[in-house]
Amino acid sequence: MKLTTTKRLERLHDRHANGDLSRRTFLTLTAAAAAAAGLDMPWMRRALAAVQEVRFDGWGGTVQDAIDKYAFQPYTAKTKLKVVQGTFGDEDEIITKIKTAKPGDYQVIHSSGVNYYIKYVNGGLTSEINEANIPNMANVLQPMIEPFRKLTPKLSAVPYDYGTTGIAYNTKVISPEEAKEKGAALLLDKKYAGKVGGYDDMTTRVWYAALATGQDPNNIKDMDTIWAKVRETRDLAKKFWSSGAELMDLLSKGEIVVTDAWSGRVAALQDQGQPIGYLDPAGSYAWMEDMLILKGSPMAECEELINFMLDPATSIAVAEGQSYPPSLDPTKVKLTEKIEKLPAFDKTGTMKSLTFADPTYWATNEDAWTKQWNRISKGA
Amino acid sequence: MVMERRWTLYDPRLAWMLVAPVLVLLIFFLVLPIAVMAAYTFFTFVTAGVETSALTTANWHEFFTDSYYSGFLLKTLRVGAITALLCGVLGYFPAYFIWATTFRHKWLLLLLLIVPFWISFTIRTFSWINILGEQGVINVALIKFGIINEPLPMLYNEGAVILGMLHFLLPYMILNVYVSLEGIDRTLISAARSMGCTSAQAFREVTLPLSLPGLAAGLLLCFVLAAGSYVTPQLLGSGRDALFGNLIYDTIMGELNWPMGATLSIVLFVVLGFFAAVYTRYMGMSQIVKGLGG
């Protein structure tokens with residue numbers, strides 16, 4: 001039974017009158033109650049009321065459309081809990097917004113894996129998930145969870161999907177045979193000068209420069225040759241795209257004929273009937289994405305949402321919709337034929353066929369390399 | 001004897017009371033944020049998204065010693081100046097036409113100037129991609145008529161950036177010049193003509209000098225807005241066509257280096273403020289206010 005404030009005060013008074021409570025303690029407690037009552041504002045009641053909605057921020061476009069259609073809408077229908085959505089083109093952009101907002105304003109982020117997880121951890125933005133509230137995590141690939149757990153034993157994020165940044169090319173201009181033969185070197189082919197694109201992102205640029213110079217992207221020995229290659233691509237490039245929508249626009253309008261590209265977005269273009277081919281060259285950049293719960297979020301509701309999203313039926317539907325394989329372990333969950341045909345799909349569940357960025361190595365160099373890439377991209 | 005202090009029409013107390021809400025707003029939403037930004041310039045960057053309040057002059061030192069920043073600042077001022085001058089040249093004639101026309105529904109012409117503002121600035125900028133792109137209207141038409149074989153590279157260069165900014169800024173220039181022309185006593189032109197001036201001479205000796213304050217106000221406005229822009233270069237330019245605003249964006253949003261981003265923001269604020277101050281010293285702000293207020 002809930003006690004009203006008046007009742008509490010009456011009881012306090014009785015205890016004071018009976019001598020159970022000193023005068024000083026009685027006055028202190030009364031003053032505290034009065035202050036609390038005086039500070040009680042209408043918005044506080046609303047804030048303390050049951051959570052009505054969860055805030056989600058993602059990459060927009062076809063990816064978020066799939067999440068909305070196959071996860072959020074059924075979730076809202078089932079629980080009456082609304083998922084308010086926002087989008088971003090670049091995850092640093094949303095981190096800036098989170099930094100300037102109150103804890104709880106932003107709650108669940110569709111984040112770009114361990115490389116970005118470090119930024120949230122460094123910025124003190126992470127929460128602690130109660131994994132018992134997400135039983136569907138049992139189906140998530142352990143090799144995807146481990147890198148997160150190395151950084152924070154108590155997780156703030158749950159891996160959700162993965163993909164690769166391979167090479168996309170216009171099949172009207174470049175044949176699949178030529179693409180296969182040249183691989184990553186297509187981005188440096190002078191024949192396509194002025195028709196080359198690329199992701200406006202330090203990691204992607206350095207990764208592909210490492211492949212072009214025959215270096216291990218997770219253990220680069222000669223940065224000077226890397227920056228020289230990055231400049232070479234820049235000079236051949238027409239435009240470095242900064243969002244999935246822009247990538248699709250540039251490819252479909254024929255502004256560029258070859259670019260590094262996100263596998264799922266290329267699959268979406270192929271579904272639209274665009275003449276776009278895709279290949280993952282040796283050492284292609286693999287990445288994973290996760291659902292990250294920020295500090296100050298309503299944890300129980302966010303955990304419930306993520307558990308719903310990880311339900312095999314939901315997760316498979318989202319994966320098919322966004323064209324990225326889910327984080328579900330194919331040795332535990334039967335996935336569909338369509339998913340098994342997606343680029344980057346790892347049927348073994350070990351993820352050993354994919355080359356992910358070593359988060360510690362890249363985090364060590366992130367600041368200096370991002371600054372250098374920003375300069376090179378502007379002609380320096 | 002008690003002296004009663006009565007309110008008068010031009011009582012300074014009344015003036016302060018009326019101005020107080022605006023002053024409070026300005027202090028909280030303009031002065032204070034700028035002061036916070038200025039303080040941030042002395043903070044220490046630790047790693048992406050993390051800074052400490054340990055005071056340092058490292059950010060200012062980097063700005064003054066690294067020619068990368070001064071180079072971009074000069075380039076930004078150059079692009080801003082070119083855009084403003086083009087706006088002046090291209091904007092004067094429509095303003096003059098609207099002022100001089102005897103068309104009964106002059107309001108319609110003025111309305112046409114404002115119509116573009118009803119559409120989102122970003123969408124208006126994006127529309128140029130469909131016009132200037134390789135599969136844009138111009139290239140497709142030129143190829144179809146056999147005038148060219150290969151599409152012309154009209155997009156993702158400095159020309160496209162300036163064109164996008166012209167599109168956005170021209171109405172500001174036209175309105176400023178128009179308001180200035182509207183303030184001219186037309187009998188002065190009649191007097192000049194009656195004293196033997198040709199139309200061209202009357203324009204050169206009377207109309208143009210008297211409309212110069214509006215032109216100058218338009219130039220300042222277009223220059224400041226162009227030099228502070230970052231969306232247009234981002235959408236219509238390549239990386240090389242970035243302006244100082246893009247540097248600020250990348251530093252804050254890409255590198256998550258707020259202290260350096262704050263330093264660059266304060267630099268741009270001071271530089272553009274300097275030009276506005278010089279203009280105010282010689283021309284006064286009243287013309288810009290008229291131009292913006294109509």
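Buried residues account for 44% of the 380 residues in chain A of this predicted model, a chain that holds 16 helices and 10 strands. Among the contacts of chain A between residues at least 6 apart in sequence, 74% link residues at least 24 apart. The mean pLDDT of chain A is 88, with 87% of the residues scoring at least 70.

**Confidence along chain A**

- Among the elements of chain A, the highest mean pLDDT, 98, belongs to strand β3 (residues 108-111), whereas the lowest, 47, belongs to helix α3 (residues 42-48).
- Over residues 38-48 of chain A the pLDDT stays under 50, and for this stretch the model has zero contacts beyond four places in sequence.
- Where pLDDT is low, the predicted coordinates should not be read in detail.

**Strand β4 of chain A and its partners**

- Strand β4(A) is mostly covered, with 13 of its 14 residues buried.
- With strand β9 (residues 285-293) of chain A, β4(A) pairs in the antiparallel sense over eight bridges, and A:Asp161 has A:Glu289 as its bridge partner in β9(A).
- With strand β7 (residues 258-262) of chain A, β4(A) pairs in the antiparallel sense over five bridges; the partner of A:Ala168 in β7(A) is A:Thr259.
- Strand β4 (residues 157-170) of chain A also pairs with β8(A), in the antiparallel sense and over four bridges.
- In β8(A), A:Ala168 has A:Tyr278 as its bridge partner, while A:Tyr169 is bridged to A:Gly277; A:Ala168 also has a bridge partner in β7(A), namely A:Thr259.

**Helix packing in chain A**

- The axes of helix α9 (residues 202-212) and helix α16 (residues 359-377) of chain A come within 9 Å and cross at roughly 95°, so α9(A) is roughly perpendicular to α16(A).
- From α9(A) the contact is made by A:Met202, A:Thr203, A:Arg205 and A:Val206, and from α16(A) by A:Trp362, A:Trp369, A:Thr370 and A:Trp373.
- By class, the residues of this contact between α9(A) and α16(A) are five nonpolar, two polar and one charged.

**Helix α6 of chain A**

- Helix α6 (residues 113-122) of chain A is mostly covered, eight of its 10 residues being buried.
- The buried residues in α6(A) are A:Gly113, A:Val114, A:Asn115, A:Tyr116, A:Tyr117, A:Ile118, A:Lys119 and A:Tyr120.
- After α6(A) comes A:Gly124, whose phi is positive, near 65°.

**Contact between chains A and B**

- The contact draws 27 residues from chain A and 20 residues from chain B.
- On the side of chain B that touches chain A, the largest share, four residues, is supplied by helix α11 (residues 244-254) of chain B.
- That side of chain B comprises nine nonpolar, seven polar and four charged residues.

Terms used
Residues are numbered from 1 along each chain as its sequence is written. Chains are lettered from A and ligands numbered from 1 in the order in which they are written. This is a predicted model: local features need pLDDT of at least 70, side-chain atom pairs count only at pLDDT 80 or more; totals for chains, interfaces and linings use all residues. Two residues are in contact if their C-beta atoms, placed from the backbone, lie within 7 Å. Helices (H or I, at least four residues) and strands (E, at least two) are DSSP runs, numbered from the N terminus. Ala, Val, Leu, Ile, Met, Phe, Trp, Tyr, Cys and Pro count as nonpolar, Asp, Glu, Lys and Arg as charged, and the others, Gly among them, as polar. Two strands pair if DSSP finds at least two bridges between them. A residue is buried if 20 or more other C-beta atoms lie within 10 Å of its own, exposed if 12 or fewer, and partly exposed in between; C-beta atoms are placed from the backbone. Axes are lines fitted to C-alpha atoms, for helices over the stretch in contact, and angles run from 0 to 180 degrees between N-to-C directions. Angles under 35 degrees count as roughly parallel, over 145 as roughly antiparallel, 65 to 115 as roughly perpendicular and the rest as oblique. pLDDT is the predictor's confidence in each residue, from 0 to 100.
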